[in-house]
Amino acid sequence: MSTKTITKIYLFLVFLHLLTVQLRSCNIFEGSWIFDESYPIYDSLQCPFIDQGINCIKNGRKDNFYLKYRWQPTDCDLPRFNGEDFLKNFKGKNFMFVGDSLSNNQWQSLACMLHAAVPNSNYTFDRTRNRSVLSFPEFEFTITFLKDGFLVDLVIEEAGRVLKLDSLSRTEQWKGVDVLIFNSYHWWIHTGRLQTWDYFQVGDKLYKEMDHMEAYKIALTTWANWVDSNIDPVVTKVFFQGISAVHYYGKDWDEPMVKDCSGQTKPIEGSTYPGERYAGETVVKSVLSNMTMPVNLLDITLLTQLRKDGHPSRIASGTSMDCSHWCVAGVPDAWNELLYTILLQK
């Protein structure tokens, strides 16, 4: 090994030590959005992995202020995301995002961030209805998205669509993965025609009605028990993507005359959100705190609550309003910067 290589390794280790010391006393999920002309860190028009509905620039969004904001923790600085270093550091590894469309939002963001960092590196990309797989052979690195919005089983039976809160049957795909990032929340709060189940089931008993947050907690506990019993923390790092905010009512952020996220071009200033917290936040934190397996919470709720400007709104369809998903490039890039920061510490 050359002297130059040894020096580079030494300097990198010093950087990691200083970063760890700094971040140990810093909550990276508390902070504010600051304008940064160097953002975004990639051009969404050059990224081939983005769904039409969230490719806001391609869909004709005229303003670009929403692309120019960087998440700044109150008490520390985040390292600048370096996609090539990411691929080198995790050479031979595979990452998997498991969850609903918000999980897919984050997967597409990371796919773009990595592709932009090594634009001349060959890749393979395969997408089916419920699965997307991107590989960089040069780095022997793969990131996968699996659509699984409830994590627990939803099955069609004689009684109808049954959401089995204590049953997991698709977990084989989760095994042998180096980094797992789970997500589940938004499907649990659906009601009426948006609700995708007819009954809850626990054990042998069917329930036509149950408090949705109670059901959510039972299901997350089922998932947590599986993780505790089947995942080796030495082999696999596990994350849970926290609850992503929606912006359908201006009164939620003290602008009662504003109907929704349409036409919003700037974040809420400061580091506090005037509206209420989500009931699911308490559920997630309670379940994670009772696990024996160390699971990292990507606590994105506050930083997304502050971004009423980051949604596709009506740009994609022209008719239906989308104030729950996020433009890519955009807010989910910060989620991956936070993921990168935590992984660097480990």
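Q: At what angle do α4 and α5 pack, and how far apart are their axes?

A: First, the ground rules. This is a predicted model, where local features need pLDDT of at least 70, side-chain atom pairs count only at pLDDT 80 or more, and totals for chains, interfaces and linings use all residues. Residues are numbered from 1 along each chain as its sequence is written, and side-chain values use heavy atoms, with hydrogens and water left out. An axis is a line fitted to C-alpha atoms, for helices over the stretch in contact, and angles run from 0 to 180 degrees between N-to-C directions. Here, α4 and α5 pack at about 30°, their axes 10 Å apart.

Q: What does that angle make α4 and α5 to each other?

A: Angles under 35 degrees count as roughly parallel, so α4 and α5 are roughly parallel to each other.

Q: Which residues of α4 meet α5?

A: Look for contacts, meaning heavy atoms within 4.5 Å. In α4, Met-213, Tyr-216, Lys-217, Leu-220, Thr-221, Trp-223 and Ala-224 meet residues of α5, including Val-283 and Val-287.

Q: Which residues in α4 are buried, and what covers them?

A: Buried means under 20% relative accessible area (1.4 Å probe, protein chains only). Among the buried ones in α4 are Tyr-216, Leu-220 and Trp-223. Their cover includes α5 (279-289) and β12 (237-241).

Q: What caps the N-terminal end of α4?

A: Asp-211 does: one of its side-chain oxygens lies 3.1 Å from the backbone nitrogen of Met-213.

Definitions and conventions:
Buried means under 20% relative accessible area, exposed over 50%, partly exposed in between (1.4 Å probe, protein chains only). Helices (H or I, at least four residues) and strands (E, at least two) are DSSP runs, numbered from the N terminus. A polar contact is a pair of N or O atoms within 3.5 Å; within protein, one must be able to donate a hydrogen and the other to accept it, and residues adjacent in sequence count only if both atoms are side-chain atoms. Angles under 35 degrees count as roughly parallel, over 145 as roughly antiparallel, 65 to 115 as roughly perpendicular and the rest as oblique.
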